[in-house]
Amino acid sequence: MTGAPAEDEQVEIRDLTDEDLEWVAQREHDIFGASAWSLSLIREDFTYGFSRWRGLEVEGLLAGYAVYGYEGDAFHLMNLAVVPEMRRQGVARRLFEDFLAEAQRLQAPDAWLEVATINRGALALYRAYGFEDVRVRPRYYQPEGLDALVMRKRLRC
Ligand SMILES: CC(C)(COP(=O)(O)OP(=O)(O)OC[C@H]1O[C@@H](n2cnc3c(N)ncnc32)[C@H](O)[C@@H]1OP(=O)(O)O)[C@@H](O)C(=O)NCCC(=O)NCCS
C-alpha cells in the first residue's frame, strides 16, 4: 500500500473482536514499551468500556488500530498505532479519518487527543487535519515522564 491503495489491494477498517486483543497487546508492547496498555487493561476496556476499537487490515492482516470514543463529554482519540513495517503508507491517515467520521456522525462539537510533545510524526498528522494546540500536560506519559500536548479540532460552530 502506498499513500493510496493499489486497485487490487484489499484494505478494510473493521471493529476489532475478542480474538484480536492478544495481537493488540503484543503490538502495544512492541510499539509503546513501558507505557503500553497491558492485555488485562485492554480486555477490561474492550469488554466494559464505551470506546470503539477499530483495526485496519491489508490483505486480511491487521496493520494498525485506533481506539476512540466519548470520555466524559469529550469525543477523544485514546490510541492510534501502526505496525512499523506498514508505516508511511497511509494506514494512520485512514484510521484517523475513521475517527473523525465517527465524531461527525455523532455530531460531536469537537474532537480531542493527546500526543507526546516529542512525537513529530503523529503531531504532523494531527496538524495536517486541523488539530490545534490547547495545553501541555507535564509528565502525562508514565513511566517515561514525557509531556503530552492536548489538541482539539472544532467540528461545529
Ligand atoms: C504516528 C503513526 C501512527 C503514523 O502512522 P503511519 O501509518 O505511518 O502514518 P501515515 O502513513 O498515515 O502518515 C500520514 C501523515 O502523517 C505524517 N507522518 C506520519 N509519520 C511521520 C513521520 N515519521 N515523520 C513525519 N511525518 C509523519 C505525514 O504528514 C504523513 O503524510 P505523508 O506520508 O504524506 O507525508 C505511526 O508512526 C506509529 O504507530 N507510531 C508509534 C505509535 C504512535 O506514536 N502513535 C500515536 C500516539 S498519539
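Biologist: How many bridges pair strand E6 with E7, and do they run parallel or antiparallel?
Modeller: Keep in mind that this is a predicted model. Strand E6 (residues 132-141) pairs with E7 over six bridges, in the antiparallel sense.

Biologist: Which strand do seven bridges join to E5?
Modeller: That's E7 (residues 146-154), and the two run antiparallel. Ala-111, for example, stands opposite Lys-153 in E7.

Biologist: OK, switching to the ligand. Where does it sit?
Modeller: The ligand is in the largest pocket, with 20 residues surrounding it. The closest are Leu-80, Val-82, Arg-88, Arg-93 and Asn-119.

Biologist: What kinds of residues make up that shell?
Modeller: Twelve are nonpolar, four are polar and four are charged.

Biologist: Which element gives the largest share of the shell?
Modeller: H4, with five residues. Others that supply at least two each include helix H1 (21-32), strand E4 (74-82) and helix H3 (91-105).

Biologist: What's 2.8 Å from a ligand oxygen?
Modeller: A polar side-chain atom of Arg-93. A backbone N or O atom of Ala-92 is 3.0 Å from a ligand oxygen, and a polar backbone atom of Gly-121 is 3.4 Å from a nitrogen of the ligand.

Biologist: So how much of the ligand does the protein bury?
Modeller: Taken alone, the ligand exposes 910 Å², and the protein buries 73% of that.

Note on methods
Residues numbered from 1 in each chain as written. Predicted model: local features only at pLDDT ≥ 70, side-chain atom pairs only at ≥ 80, totals over all residues. Heavy atoms only, no water. Near = heavy atom within 4 Å. Polar contact = N/O pair within 3.5 Å; in protein donor to acceptor, adjacent residues only side chain to side chain. Areas by Shrake-Rupley, 256 points an atom, 1.4 Å probe, with all protein chains shown as cover. 1 Å grid on protein atoms, 1.4 Å probe; cavity = no way out; pocket = protein on both sides within 12 Å on 5 of 7 lines; lining within 4 Å. Sits in = over half its atoms within 2 Å of the grid points. Helix = DSSP H or I, 4+ residues; strand = E, 2+ residues; numbered from the N terminus. Nonpolar A, V, L, I, M, F, W, Y, C, P; charged D, E, K, R; others polar. Pairing = 2+ DSSP bridges.
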